[in-house]
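The following exercises concern the protein shown below.

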Amino acid sequence: MVKNFLNGGAAINQLCNLAKVKLSVIPIKLETPTKDFSKEKAMEQSEIIEAMQLGFDSVSKDCDLLILGEMGISITCILYTS
């Protein structure tokens with residue numbers, strides 16, 4: 001699905017195109033998937049903090065609107081800056 005986002009083939013790409021909003025895909029250790037949460041913790045606390053910090057750092061300081069949404073595989077966000 002991430003490759004689909006990068007290639008512009010997902011529904012979110014079309015929504016962003018209509019809204020004239022840039023979609024950015026920011027990889028978070030894609031080579032290290034989360035664990036099966038039905039058997040153990042999906043992520044360690046340090047991994048969660050690292051992922052949240054990466055998300056925080058990826059938001060432009062001049063952002064006026066941040067829309068977060070679940071795409072079924074991960075969190076997707078749309079950023080708008082004036």
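**Exercise 1.** State which pattern the protein follows along its sequence.

*Solution.* Read along the sequence, this predicted model follows α-α-α-β-β. The secondary structure accordingly comprises 3 helices and 2 strands. Helices (H or I, at least four residues) and strands (E, at least two) are DSSP runs, numbered from the N terminus.

The residues are numbered from 1 along each chain as its sequence is written. In this predicted model, local features need pLDDT of at least 70 and side-chain atom pairs count only at pLDDT 80 or more, whereas totals for chains, interfaces and linings use all residues; side-chain values use heavy atoms, with hydrogens and water left out.

**Exercise 2.** Determine where Lys20 is found and whether Lys20 is buried or exposed.

*Solution.* Lys20 is found in the loop between helix 2 and helix 3. Its relative accessible area is 75%, so Lys20 is exposed (buried is under 20%, exposed over 50%, partly exposed in between; 1.4 Å probe, protein chains only). Lys20 is not a glycine, yet it has a positive phi of about 55°. Most residues other than glycine have a negative phi.

**Exercise 3.** Explain why Ile26 counts as partly exposed.

*Solution.* Ile26 is found in the loop between helix 2 (11-19) and helix 3 (45-58). Ile26 counts as partly exposed because its relative accessibility is 41%.

**Exercise 4.** State what percentage of the residues of the protein count as buried.

*Solution.* The protein has 82 residues, of which 10% count as buried.
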